[in-house]
Amino acid sequence: MSLVFYDLNSNQIKWKVPLPTQYITSLVKFDNHYYLGGDYLYLVNVQDQKVEKKGNINNIISIFSNGNRFILQVNQNNQHILYEYNYEGFYKLFETPYRINSIHFIENDLIIADNQGIHIYEQGVFKNYFINESFSKILIDHNKQLIGATTRGGILIIPNQNDLE
């Protein structure tokens, strides 16, 4: 398995670098860098054509980022652990028995969707909503409406996310 830089103009491969793993679960751009998640976290340095391992956290099942924050979801012993990453390293946010399907970032807070509802995580405290509904994705549109895609109940639109408070 390789990282391939392909030029559409010339319709040719410009360069190719072997990846240190064949297990890749996530790809995200953060702070003008690309990161791969899988067995570990890897930084992709396109300019130098290198892929390097970052830290020792393993079993990464997803990465969430809004460009300013970078969160890893790790599966360890049937617990889903979220770590926030910055250039100084990783710090643990929280653990949950449920796999998180989607995260939306609002300033310092997180709006989280999983198979047990929507959860707002602010200042280390959870507020839980729609706990009997399974959500696959959430987003906030240009009108600041929270939109959630459920796995069984269609689309949920909350005109003002502050209504959840």
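This is a predicted model: local features need pLDDT of at least 70, side-chain atom pairs count only at pLDDT 80 or more; totals for chains, interfaces and linings use all residues.
Two strands are said to pair if DSSP finds at least two bridges between them, and strands here are DSSP runs of E with at least two residues, numbered from the N terminus, while helices are runs of H or I with at least four residues.

View 1. Residues are numbered from 1 along each chain as its sequence is written, and side-chain values use heavy atoms, with hydrogens and water left out. Ser 62 has Gln 73 in β8 as its bridge partner. The strands β7 and β8 (residues 70-76) run antiparallel and are joined by 5 bridges.

**View 2. The open sheet that contains β7 and β8.** Its 4 strands follow the order β7-β8-β9-β10, and their pairing is antiparallel. Because β7 (60-65) and β10 (89-96) each have a single partner strand, they stand at the edges, and one side of each is left without a neighbour in the sheet. On average, neighbouring strands of this sheet are turned by 25° against each other, direction ignored, where the axes are lines fitted to C-alpha atoms.

**View 3. The protein chain as the setting for the sheet.** The protein chain has 17 strands and 0 helices, and its C-alpha atoms fill a box of roughly 50 × 40 × 30 Å, taken along the principal axes. Of its 165 residues, 40% are buried, meaning under 20% relative accessible area with a 1.4 Å probe, protein chains only.

Technical notes
Buried means under 20% relative accessible area, exposed over 50%, partly exposed in between (1.4 Å probe, protein chains only). Axes are lines fitted to C-alpha atoms, for helices over the stretch in contact, and angles run from 0 to 180 degrees between N-to-C directions.
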